[in-house]
Amino acid sequence: MSNFRNQQVCQKAMALTTNIYFSTKQFPKEEIFGLTAQIRRSAISITSNIAEGFGRDSNKEYLRFLNVSMASLFELQTQLEIGKNIKYLTEQEFNKLYEDSRELERMLVAFINKIRERD
């Protein structure tokens with residue numbers, strides 16, 4: 001594990017964040033400082049915390065950052081549902097992003113469990 005970018009969970013998080021940016025481009029301009037910004041911040045927080053935790057000195061600290069990533073992921077899932085409910089996301093867009101987020105959630109849970117086993 002010499003580089004956090006090589007971790008599948010990090011690659012999946014980066015791909016999800018990229019897709020979030022493309023999907024939120026179509027949101028109304030008046031949402032740029034509202035839901036658009038919030039969704040993007042949540043997505044960025046997932047990958048950023050994986051990366052920041054990787055650079056910490058201990059597994060305990062790494063786990064703390066991975067748990068923050070998980071919390072940001074749950075926040076993102078909620079915001080995506082709001083985006084769907086107010087018709088900023090189509091059902092198809094929502095389903096794709098949500099399924100990607102659920103896959104990342106499963107990967108994060110497995111990764112967190114793997115780190116816990118090291119302690």
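User: What does Leu-80 touch, not counting residues up to four places away in sequence?

Analyst: Leu-80 touches Ile-20, Ile-39, Leu-89, Phe-94, Leu-97 and Tyr-98. Contact means heavy atoms within 4.5 Å. This is a predicted model, where local features need pLDDT of at least 70, side-chain atom pairs count only at pLDDT 80 or more, and totals for chains, interfaces and linings use all residues. Residues are numbered from 1 along each chain as its sequence is written, and side-chain values use heavy atoms, with hydrogens and water left out.

User: Why is Gln-77 called buried?

Analyst: Buried means under 20% relative accessible area, exposed over 50%, and partly exposed in between (1.4 Å probe, protein chains only). Gln-77 has 8%, so Gln-77 is buried. Gln-77 lies in helix H3. Helices are DSSP runs of H or I, at least four residues, numbered from the N terminus. Gln-77 touches Tyr-98, Ser-101, Arg-102 and Glu-105, not counting residues up to four places away in sequence.

User: Why does Met-14 count as partly exposed?

Analyst: Met-14 has a relative accessibility of 33%, so Met-14 counts as partly exposed. Met-14 is found in helix H1. Met-14 and Ile-44 are 30 residues apart in sequence, yet 8.1 Å apart in space, C-alpha to C-alpha.

User: What makes a nonpolar core, and which residues touch the most other members of the largest one?

Analyst: A nonpolar core is a set of buried Ala, Val, Leu, Ile, Met, Phe, Trp, Tyr and Cys residues joined through side-chain atoms within 4.5 Å. The largest has 27 residues, and Ile-20, Ile-50, Leu-66, Leu-73, Leu-76 and Leu-80 touch the most other members. H1 (8-24), H2 (35-54), H3 (59-85) and H4 (91-118) each supply at least two residues of this core.

User: Why are H1 and H4 called roughly antiparallel?

Analyst: Axes are lines fitted to C-alpha atoms, for helices over the stretch in contact, and angles run from 0 to 180 degrees between N-to-C directions. Angles under 35 degrees count as roughly parallel, over 145 as roughly antiparallel, 65 to 115 as roughly perpendicular and the rest as oblique. The axes of H1 and H4 come within 10 Å and cross at roughly 155°. H1 and H4 are therefore roughly antiparallel to each other.

User: How do you know that H2 and H3 are roughly antiparallel?

Analyst: H2 and H3 pack at an angle of about 160°, with their axes 8 Å apart. Therefore H2 and H3 are roughly antiparallel to each other.
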